[in-house]
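Here's a quick briefing to read alongside the model. Have the viewer open and click through as you go.

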Amino acid sequence: MEKYITPTEEIEVQIEDDRTGMSVKTLKRAFADNLYYIQGKNEFLATPFDYYMALAYTVRDRLLHRWINTATTYIKKDVKSVYYLSAEFLMGRQLGKNLLNLGIYERARQAIHESGLDINDLMTLEAEPGLGNGGLGRLAACFLDSLATLEIPAVGYGIRYEFGIFDQRIENGMQVEHPDRWLRFGNPWEIERPELTVEVFFGGHTEPYYDEAGNHRLRWIPGRKVLGTPYDTPLPGYQNNTVNILRLWSASASQDFDFQVFDSGDYAGSVTDKIVSENISKVLYPNDNTSQGKQLRLEQQYFFVSCSLQDIINSYCLTHPNFDQFHEKVAIQLNDTHPSIGIAELMRLLIDKYHLGWNRAWYITKNTFAYTNHTLLAEALERWPVSLFEQLLPRHLEIIYEINRRFLDEVRAKYPGDTDRVGRMSLIEEGDQKYVRMAHLACVGSHVINGVAQLHTDLLKQDVLKDFHQLWPQRFQNKTNGVTPRRWLRLSNPKLSDLITEKIGDGWITNLEKLKQLEMFADDPEFRHRWRQIKQELKQELAEYILLANDIEVNPDSLFDVQVKRIHEYKRQLLCILYAITLYNRIKRNPSLDIGSRTFIFAGKAAPGYYIAKLVIRLINSVAKVINNDPDVADRIKVVFLEGFSVSLGQRVYPAAELSEQISTAGKEASGTGNMKFAMNGALTIGTLDGANVEIREAVGAENFFLFGLTTQEVYALKARGYNPREYYDNNPELRDVIDRIATGCFSNGDQEMFRPIVDSLMYHDQYMLFADYQSYVDCQEQVSQAYRDQNNWTRMSILNSVRMGKFSSDRTIKEYCQDIWKVSPVKIQLEEYLPEEAGLKLIEKL
């Protein structure tokens, strides 16, 4: 408040602080100040990126105001907090999402416009942190958004990878990996916290000793030490005052430079420790096809888990004299098996550092951790060689052995004489080479185990974790995944969002079930017209992007048939391209055939060491080159592979899609979340009864879902009888023509060897049963084509798909975690005004 004296009176005028004010005028002033004082530029010197940074810092100031109030409230109220441990966080660009959640998107847009700039241009300059590989990391990001929106005290913990998931380029049709240098120009959202650095140890050996009370104990004498420094990113809830944080750990050497070694002339050796230590947080998911790669992966997992647990304990100890309430104030969620070493690490810290007895430490540990399983694939249930544990984490291996000994005693007591069961459930897999089973450790050390879709959870109980479910049925729950409607509808599809809000208000943004109110408009001709018009505009925008990115002209009136996701054999991108070849063959046989117009759009990254997945990408691009340039096709089919799939590219693609390909082999996909993003934006699904497809079909109605393929039970039964893919090839002329066209080199300039691994895999193994589902898929695609000819009814189906997706908000999922697993409640944050005239420090005793 400022006082002004006029000739006749004294008046008080409220002036907003430049760092916290939310008006257009204040935002303009703050933007200019940050450009000048943080970037050190004015309008004559600034680059477009400087303008982006100035705006980001302007937004961050407002986030920090709320974060400081949030953190202070949590400490004062001694709240129970959720700590979400994940090896991946695929956050996406932050500027647009933060503006939206702060409620100042339009004001910021106006402020930037009045400054002579376009906010959309600035948002595209933000480097996207590729700190995840796909659905796992993106789910974690959605959960953090929902936690803050629901006002739940929470911290996300992970690794600040210097290089995230690789930057994918398509060169000569092949995926080529380039470094993802997302930190090259700095990250305005993060705050380094060097004062919270912790030490993490590796290697060495253990030795017995007696403590001061005469108790026999073991201590770890490590071989090397690495430092973990946290970087905090503020995460606001949607239009409330809560700002939680994502805390990512960066590894560094305890001694960056050995002067004595340098002085002796060994210049490279003088920085060896620095290089080895920093490798831990260098890159997301190093290739583990080598022993060095396996070691680095385990080092990464232990590093971020140890850092996080030490940080959690340090925070807890600030306000608690002992560990009596630890499990009542701390809820730790393991996002898949990657952080499961945390169970042994918490036991080590409680026993070795804080000298708790085993039984008390185990009670605390078991009641603190909960475990989310995200896979039904055996190869994804991590296991590490015992020899690697002995070398890298000797103390943890001893603790795991003791956990296993006590656990197997419990199993033997419950199932006397059942040695096979004991062998199956042991944390140690016996054999020529012994392994530590990390999923088993997670099950034994967690009080709740959950799947991420009802079918997935049922299959965990019946198959993957059957023995554990029989032993502890009460531990198993289902928590069907969801996605945040803030990013995946409101931010990525503003035109459709505005139409929805015009009809039912904006309450749907935090309560997606309110979309059901739009069902009454599904038969309204005017509403259908506007819905279809918006979809057409979005398709036109994507077509323009494809032309710029791929130099391919696609027909925006064609059916946009989209499959964008991680490239993996079980996700069956190959089945979709087989159908594209089927249509191509039909046209070649009958060039005048009326098949409608369809654009196949693919995107996704294959793991660098996954040869077949990378070959599938090459096949898609090779098919695209032939089909797109064949005059017989006459634009009836186009095939496009968009390189560099990311969150921001997804925000372009999902709103424009009309057909969502969710075609994984039944029983292989845990849940999927792309299926939810597509349907939320009005795409119809063609899919199997796999993952969350089952529940999506139930929600939107079977008549609005294109179902094909074997069920999980049918897959199991066919494999049990002896699946022979060659029979399908021999008995299906159209399938045979498709495979022969690939095998004879039609898509490889006559080179019959290029795609032989794919052909041989399908002909002689077909692990994911593409041949078995081929005809059902083709028939179902014919239904799609016929349905698409009736645009009026297609639009009605599109509307119903979108408005019946309320269940699949991550807000619903997080509410269930809070109620059923974490037992945490919302904490309202009151925002205290920051007054510059009262700024200053008054030191107080720590609470």
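Predicted model: local features only at pLDDT ≥ 70, side-chain atom pairs only at ≥ 80, totals over all residues.

At 15% relative accessibility, F521 counts as buried, where buried means under 20% relative accessible area, exposed over 50% and partly exposed in between (1.4 Å probe, protein chains only). F527 is buried too, at 0%. Residues are numbered from 1 along each chain as its sequence is written, and side-chain values use heavy atoms, with hydrogens and water left out.

**Aromatic pairs**

- The structure holds 30 aromatic pairs; rings of Phe, Tyr and Trp (its six-membered ring) pair if their centres lie within 6.5 Å, with planes under 30 degrees apart counting as stacked, over 60 as edge-to-face and the rest as tilted.
- Take F31 and Y51: the ring centres are 6.2 Å apart and the planes sit at 35°, so this pair is tilted.
- F31 lies in helix α1 and Y51 in helix α2, so the pair ties together parts that are 20 residues apart in sequence; helices (H or I, at least four residues) and strands (E, at least two) are DSSP runs, numbered from the N terminus.
- Both F31 and Y51 are buried.
- F521 and F527 make a tilted pair as well, at 5.3 Å centre to centre and 35° between the planes.
- Y84, F143, Y817 and W822 are linked into a cluster by ring pairs.

**Nonpolar cores**

- A nonpolar core is a set of buried Ala, Val, Leu, Ile, Met, Phe, Trp, Tyr and Cys residues joined through side-chain atoms within 4.5 Å.
- The largest one has 118 residues, and F303, F389 and W822 touch the most other members.
- Helix α9 (residues 291-317) gives the most to this core, with eleven residues.
- Leaving out residues up to four places away in sequence, F303 touches V200, F202, V226, L227, G228, W249, S250, A251 and I280, with contact meaning heavy atoms within 4.5 Å.
- There's also a second, separate core of 71 residues, which includes C576, I595, I612 and Y777.

**Helix α4**

- In α4 (residues 105-114), A108, A111 and I112 are buried.
- Looking down the axis of α4, its buried residues fall within an arc of 95°, so they line one face of the helix; the arc is that of the directions from the helix axis to the C-beta atoms.
- Those buried residues pack against α1 (24-37), α2 (48-77), α3 (95-102) and α5 (119-123).
- Just after α4, G116 takes a positive phi of about 90°.

**Cysteines**

- The structure holds zero disulfides, a disulfide being a pair of cysteine sulfur atoms within 2.5 Å.
- C142 is buried at 1%, and its sulfur is 15 Å from the closest cysteine sulfur, in C818, too far for a bond.
- C307 is buried at 0%; the closest cysteine sulfur to its own is in C317, 17 Å away, again too far for a bond.

**The loop around N322**

- N322 sits in the loop between α9 and α10 (326-329) and is partly exposed, with a relative accessible area of 34%.
- The side chain of N322 reaches the backbone nitrogen of D324 at 3.0 Å.
- N322 and Y354 are 32 residues apart in sequence and 9.4 Å apart in space, C-alpha to C-alpha.

Technical notes. Polar contact = N/O pair within 3.5 Å; in protein donor to acceptor, adjacent residues only side chain to side chain.
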